[in-house]
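Below are some short notes on the model, point by point.

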Protein chains: 2
Amino acid sequence: MSSIKVLEGKNITDVPYFKASGIHCGLKKVKKDLCVIYSEKKAVAAATFTKNKVKAAPILLNMKSIENENTQAIVVNSGNANACTGDEGYNDALSMAKVTSEALGLKLEEVIVASTGVIGVPMPMSKIFSGIDMACKSLSYDGGKDAAKAIMTTDTKEKIITVEFNIGSKKATISAMAKGSGMIHPNMGTMLGFLATDVNISKAMLTKALKDSVEDSYNMVSVDGDTSTNDMVVILANGSCENTIIDTEDENYKLFKEALHFVNVEIAKMIAGDGEGATKLIETKIYHAHSLKDAKICAKAVITSSLVKAAFFGADANWGRIICALGYSGADLNVNTINISFTNSIGTIDICKNGGNIDFSEDLAKKILEQEKITVIIDLNDGEYNATAWGCDLTYDYVKINGSYRS
Amino acid sequence: MSSIKVLEGKNITDVPYFKASGIHCGLKKVKKDLCVIYSEKKAVAAATFTKNKVKAAPILLNMKSIENENTQAIVVNSGNANACTGDEGYNDALSMAKVTSEALGLKLEEVIVASTGVIGVPMPMSKIFSGIDMACKSLSYDGGKDAAKAIMTTDTKEKIITVEFNIGSKKATISAMAKGSGMIHPNMGTMLGFLATDVNISKAMLTKALKDSVEDSYNMVSVDGDTSTNDMVVILANGSCENTIIDTEDENYKLFKEALHFVNVEIAKMIAGDGEGATKLIETKIYHAHSLKDAKICAKAVITSSLVKAAFFGADANWGRIICALGYSGADLNVNTINISFTNSIGTIDICKNGGNIDFSEDLAKKILEQEKITVIIDLNDGEYNATAWGCDLTYDYVKINGSYRS
């Protein structure tokens, strides 16, 4: 067992040899809109990219660059997604990597590029170039928070977590910063996650750990069921912790994987709870499904249903909508064995037993559902597989944010 | 070519030998909540039922009854869905069929049962029994409109269409009544469709015609992506038109199928346009897809996306969200050949060409998008298959209807 310690107030530049900066270059009116994350030491990287067939230009570029053995920098802009921008957009992403690499003395393929914001609009490259120049000059050991701010769009909070854990005799660190499903008017939401660690690990093992963890963290989040063209999660590991290199699935790999997954799940929850217009974080835990696939399908079906999400907004203990979502999910299940409860700090209440109605206190249900965090426990009693998904309620503000007229 | 004529103001009791009634028995506070549709002559029936694994009791009963060669009556209640009610619920559905069959001198298996409303609550059978008694006594040749009212939940309008067409030397009639995705607080929406025709057709051909048509009409409608436990469409054909029986896919079958599909598409559009909280009917037409499956997937992905739906509410010409939905739909497509336009009575405007941005008049786009009906034309330029889907915008009222506190 590892003990994972959350370091309050720490961010990505608290990982040894990582510098960062976040500046304003004019893509947004006032707020910071460009950041650079830089490892002074050589680092291996792993990444996962959107499965959307429509991939933004930086995603297409990164899919090549990530093959490189060394990756030392990430440059990110918010305010323009550089998606659906054709060959010109691809060249712009390439230029962003090139300019950043030159400023930092790196090769082009050692830089990862990310963009989020309006789509289908050419990148204003003169602003971007001067922004990258400024950001590279501003790199510092306390720029982590600025960097986290610069990637935000309609996010209401920065999403940062840093943990410390033991790996052999060494203390290791992982820090993550992310932006969630915010929408830059008039455009689509994007999930971006950037992680840094000082763990010494091979690129192959880092890739495996990230891919496995993403499946059960970010990929189990739904804000509105839409998958952006720009989604990506990337981790850089610069090895400065000096543990014996992790290059097989040994005990140290497990310790690293556990800490990495803890970080990813915490970030996933922050993204779900800060979904557009959201007032509540909804966690759905499926127990005893027929297969792991069925468990995951069920967890996501419940958290994705507009009817379920609207019911949570209204603090309505509507198990009918939950069971309906389970039914149409396509998962293999037995309706007559489904039990459903709600739980959080207020208490726990059973609201459905064996797929049917039971008496419960409406008052207690309402009190539980009025809180900012609610866990829905769904026991399918039909197997041995479990899964968890995270989402948020559907509110007037979601419609307001996404349905307002263009100005 | 047939000529299909819409008979304004006519309803299901304008089909020869069909009687109907709609009454109030106390499931709702004031409004009509129970109806019976009855063919005085023997009739063959075909039906399609929800694919949700959680099926309401009447659906389970109907899946057996529909096998019977003769079907002469449909009994429908609104206000209670008789879903997730276990063995007791199944017995209640059986009792509804039994009591109706006795009142009409039919066999139990000659009656189809439908319910819509609150789920997980036992049926108040004494109200139902006296309601069925009253409804059977009230059957008349002008009860069609009352029947259409009695199946409504949060629908704002009755959904009725009647058409006349020639079949050989005979004039034939098809009439449909339906309820859409309304929600009875605190529950799930249900799509119910009931059709009557005087066409003389075999049960096998009627079944084939209905199943084929439903695939491209009701199954291409999405209000909120949720599939109810109670959805069903049923058609009774009593043969009183006295055309030569249709028992193969001959010319008369094609004429009937064409009229049936016209009716189903019109009802599908009424359901989409009257979705909960909807202010607009959105029609998505996909052209030149790689396969029919890809065309359908694309059409439904666009109409199901919360982001696209919210953009239509805001009259926002947001092609980025449309292309994003196409991209994550899972369909096989080529982003670089996609063209998108909006069209309706105001005009037509191209908003995306070859998957990218083009200049267009924001003023004209806004005027088009402010109308109550908008068609989105998406040309994938990647094959020869087309599909159409219907949906509605996502509005404050959707959240209000589905997210309000239980009283």
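At what angle do helix 2 and helix 3 of chain A pack, and how far apart are their axes?

1. The model is a predicted one. In it, helix 2 of chain A (residues 86–104) packs against helix 3 of chain A (residues 125–137) at an angle of about 25°, and their axes lie 10 Å apart. Since angles under 35 degrees count as roughly parallel, helix 2 of chain A is roughly parallel to helix 3 of chain A. Helix 2 of chain A passes helix 3 of chain A in a right-handed crossing.

2. On the side of helix 2 of chain A, the contact is made by A:D92, A:S95, A:M96, A:V99, A:T100, A:A103 and A:L104. Helix 3 of chain A supplies A:M125, A:I128, A:F129, A:I132 and A:C136. The residues of this contact divide into nine nonpolar, two polar and one charged.

3. Helix 5 (residues 203–215) and helix 6 (residues 251–273) of chain B pack at an angle of about 40°, with their axes 10 Å apart. These two helices of chain B are therefore oblique to each other. The crossing of helix 5 of chain B past helix 6 of chain B is right-handed.

4. Which residues form that contact in chain B? From helix 5 of chain B come B:M205, B:L206, B:K208, B:A209, B:L210, B:D212 and B:S213. They meet B:Y253, B:F256, B:K257, B:L260, B:H261 and B:N264 in helix 6 of chain B. By class, the residues of the contact divide into seven nonpolar, three polar and three charged.

5. A:K269 is found in helix 6 of chain A, which spans residues 251–273. Is A:K269 buried or exposed? The relative accessible area of A:K269 is 19%, and buried means under 20%, so A:K269 counts as buried. Leaving aside residues up to four places away in sequence, A:K269 touches A:L281, A:E283, A:K373 and A:W390. The C-alpha atoms of A:K269 and A:I282 are separated by 8.9 Å, and the two residues are 13 residues apart along the chain.

6. B:S305 lies in the loop between helix 7 (292–304) and helix 8 (306–313) of chain B. B:S305 is buried, with a relative accessible area of 1%. What does the side chain of B:S305 reach? The side chain of B:S305 reaches the backbone nitrogen of B:L307, at 3.2 Å.

Key:
Residues are numbered from 1 along each chain as its sequence is written. Chains are lettered from A and ligands numbered from 1 in the order in which they are written. This is a predicted model: local features need pLDDT of at least 70, side-chain atom pairs count only at pLDDT 80 or more; totals for chains, interfaces and linings use all residues. Side-chain values use heavy atoms; hydrogens and water are left out. Helices (H or I, at least four residues) and strands (E, at least two) are DSSP runs, numbered from the N terminus. Buried means under 20% relative accessible area, exposed over 50%, partly exposed in between (1.4 Å probe, protein chains only). A polar contact is a pair of N or O atoms within 3.5 Å; within protein, one must be able to donate a hydrogen and the other to accept it, and residues adjacent in sequence count only if both atoms are side-chain atoms. Axes are lines fitted to C-alpha atoms, for helices over the stretch in contact, and angles run from 0 to 180 degrees between N-to-C directions. Angles under 35 degrees count as roughly parallel, over 145 as roughly antiparallel, 65 to 115 as roughly perpendicular and the rest as oblique. A crossing is left-handed if the near helix is turned anticlockwise from the far one by less than a right angle, and right-handed if clockwise. Contact means heavy atoms within 4.5 Å. Ala, Val, Leu, Ile, Met, Phe, Trp, Tyr, Cys and Pro count as nonpolar, Asp, Glu, Lys and Arg as charged, and the others, Gly among them, as polar.
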